[in-house]
Amino acid sequence: MQRHQFEAYLDKVFDWRRLTAVLTEGRQYPLYPWSEAFDAVFLGSACQFGPLHRIETECRCGALHKRIGTLSEDMLAYAMQRQNPAEIFSLGCQVAQQLKRNGVLRSDWARGRVVAAVDGIEICSSYCRCCDACMSREVERKVEGKLQKSTQYYHRLSAVTVVSGAFPIFLGVRFQQDGETEVACSLALLQDLSAKLGRRFIDILVADAIYLQTSFVREVELLALDWVINLKDNQPDLLAEAGRLTAGAPLYHETTPQQDLQLWHVPEVDWPVADRVVRVVKTVRVQNAKRVKVEERPVEVPRIEETQAGKTKGKSSKRKKPKCSRVKTKQLAPIVSTNFYASNVDLGAIPPYFIHQLGGSRWTIDAQVFQTITTDCHLKRPSAHQDCALIVLTMIRVLAYTLTMVFYYRQVRSHCRGVPPGFCDMARQLAYGYLTLFSDSS
Ligand SMILES: [Zn+2]
């Protein structure tokens with residue numbers, strides 16, 4: 001059978017067919033093999049079809065009909081509920097190892113280091129749908145105009161993403177358990193990844209301020225990782241000391257048309273609660289960004305024309321009250337941001353500006369990865385909302401995101417002569433490819 005170019009690429013680079021063939025069957029008496037269910041969810045997610053019922057439709061009479069054939073949404077959910085998530089996690093690690101061997105995780109700015117960001121994201125929040133693994137909280141919300149307390153169900157997961165390469169790559173995700181903090185969940189994920197991928201697979205971990213905790217930092221160092229973590233007021237003593245030591249003139253000052261950057265560096269700042277010293281870098285950045293300012297001002301509605309009198313009979317002589325309309329105006333307004341970073345990175349001869357670059361790379365996970373995987377790859381869509389099925393579905397969606405990203409950057413964009421298509425356009429082309437491939441060969 002002719003292979004779609006996306007799958008042919010995965011076979012060539014990752015030996016994909018062999019990797020996925022060894023996934024074990026979770027059901028006792030399956031009507032269809034797990035490999036078909038996996039392919040349906042994986043390829044459906046790669047084509048950004050989103051919910052399972054859409055994948056079912058595409059399998060029954062759409063793009064995936066000839067590649068997969070008819071499969072029901074219920075069957076896909078039933079199969080995923082009985083699979084072992086650890087196998088999908090391992091599959092993701094094998095993909096990451098191959099990408100590292102192929103040199104995809106490195107870039108010039110990171111000075112040969114592999115940099116990963118850790119962060120959490122909330123998915124599937126709902127007031128009515130829940131499963132055995134849901135977390136819950138009491139929230140106040142308006143129901144029929146009245147404020148009332150309601151139970152909201154949700155899931156949270158931690159993700160570790162390589163941010164030093166040309167494009168972000170997920171190494172793994174882990175669902176937060178009820179009663180577990182995001183930091184504890186992320187640490188367990190890092191330990192699982194270290195066990196699978198080996199020590200020093202990543203060199204430097206970057207994280208938000210909630211991760212700047214004595215125990216987390218100690219455990220991360222036991223995994224042989226360097227770290228750069230935002231310093232905020234959850235560590236008040238360290239922040240106050242860092243502020244005091246960086247009150248003078250900056251070490252470094254850079255002015256470009258886009259921004260003005262000042263940087264301070266203190267190699268050793270006392271962190272009393274952790275009984276140690278840490279390196280601190282402070283930056284003040286003034287960006288000359290064009291900000292869209294939304295102004296509200298009254299705009300008069302024009303008099304209704306006589307020619308429209310047929311439609312508006314009896315109203316033509318009335319003049320409506322001036323309406324309030326929102327008017328967008330563009331203006332140049334500088335954005336000032338001050339950041340403190342704490343770190344254990346041994347800089348040696350490397351300038352402290354590197355810590356600023358590392359700290360800034362964390363934004364990739366929020367601004368790029370979580371945005372794209374939520375909007376384009378439907379991560380928050382609660383298809384198959386049942387503990388294990390949701391975990392397996394999410395892991396397959398994450399894997400599909402990573403591999404379509406790899407295909408997009410290493411195959412589509414790099415081989416494109418004109419203006420490259422967008423990430424979503426590529427997903428549409430993948431789907432179209434399944435339609436035309438099998439109609440051409442039939
Ligand atoms: Zn749930």
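In the predicted model, the axes of helix 5 (residues 73–81) and helix 12 (residues 387–413) approach to within 7 Å and cross at roughly 95°. Helix 5 and helix 12 are therefore roughly perpendicular to each other. On the side of helix 5, the contact involves Ala77, Met80 and Gln81, which meet Cys388, Ala389, Val392 and Leu393 of helix 12. By class, the residues of this contact between helix 5 and helix 12 comprise 6 nonpolar, 1 polar and no charged.

Helix 12 itself contains 27 residues. From its first C-alpha to its last, helix 12 reaches 37 Å, close to the 39 Å expected at 1.5 Å a residue. Helix 12 is mostly covered, with 21 of its 27 residues buried.

Helix 11 (residues 363–375) also carries a kink, of about 30° and centred on Val369. The 13 residues of helix 11 reach 17 Å from the first C-alpha to the last, close to the 18 Å expected at 1.5 Å a residue. Val369 is also one of the buried residues of helix 11, which are Thr364, Ile365, Val369 and Ile373.

A second pair of helices is formed by helix 3 (residues 34–46) and helix 4 (residues 52–61), which pack at an angle of about 105° with their axes 10 Å apart. Helix 3 and helix 4 are therefore roughly perpendicular to each other. Helix 3 contributes Ala40, Val41 and Gly44 to the contact, and helix 4 contributes Ile55, Glu58 and Cys59. The contact of helix 3 with helix 4 divides by class into 4 nonpolar, 1 polar and 1 charged residues.

Helix 4 also holds Arg60. With 14 other C-beta atoms within 10 Å, Arg60 is partly exposed. When its neighbours within four places in sequence are left aside, Arg60 is in contact with His65 and Thr70. The C-alpha atoms of Arg60 and Leu71, 11 residues apart along the chain, are separated by 6.8 Å.

Strand 5 (residues 204–207) includes Ile204. This residue is buried, having 24 other C-beta atoms within 10 Å. The C-alpha atom of Ile204 is separated by 7.1 Å from that of Arg113, although the two residues are 91 residues apart along the chain. Apart from neighbours within four places in sequence, Ile204 is in contact with Arg113 and Val115, with Leu225, Asp226, Trp227 and Val228, and with Val345 and Leu358.

Cys134 occupies the loop between strand 1 (115–126) and strand 2 (135–143). Around Cys134 there are 19 other C-beta atoms within 10 Å, and the residue is partly exposed; the threshold for a buried residue is 20 or more. Not counting residues up to four places away in sequence, Cys134 touches Tyr153, Tyr154 and His155. Of these, Tyr154 is 20 residues from Cys134 in sequence and 5.7 Å from it in space, C-alpha to C-alpha.

Positive phi values occur at two loop residues that are not glycine, Asp15 and Arg200. Phi of Asp15 is near 55°, and the residue lies in the loop between helix 1 (5–14) and helix 2 (16–21). Asp15 has 13 C-beta neighbours inside 10 Å and counts as partly exposed. For Arg200, phi is about 65°. Arg200 is located in the loop between helix 7 (182–197) and strand 5 and, with 11 C-beta neighbours inside 10 Å, counts as exposed.

With regard to the chain as a whole, 13 helices and 12 strands are present. Of its 442 residues, 34% count as buried. Among contacts with a separation of 6 or more, 68% are accounted for by residues 24 or more positions apart.

Technical notes: Residues are numbered from 1 along each chain as its sequence is written. This is a predicted model: local features need pLDDT of at least 70, side-chain atom pairs count only at pLDDT 80 or more; totals for chains, interfaces and linings use all residues. Helices (H or I, at least four residues) and strands (E, at least two) are DSSP runs, numbered from the N terminus. A residue is buried if 20 or more other C-beta atoms lie within 10 Å of its own, exposed if 12 or fewer, and partly exposed in between; C-beta atoms are placed from the backbone. Two residues are in contact if their C-beta atoms, placed from the backbone, lie within 7 Å. Axes are lines fitted to C-alpha atoms, for helices over the stretch in contact, and angles run from 0 to 180 degrees between N-to-C directions. Angles under 35 degrees count as roughly parallel, over 145 as roughly antiparallel, 65 to 115 as roughly perpendicular and the rest as oblique. Ala, Val, Leu, Ile, Met, Phe, Trp, Tyr, Cys and Pro count as nonpolar, Asp, Glu, Lys and Arg as charged, and the others, Gly among them, as polar. The expected span of a helix is 1.5 Å times one less than its number of residues. The bend at a residue is the angle between axes fitted to the seven residues ending there and the seven starting there.
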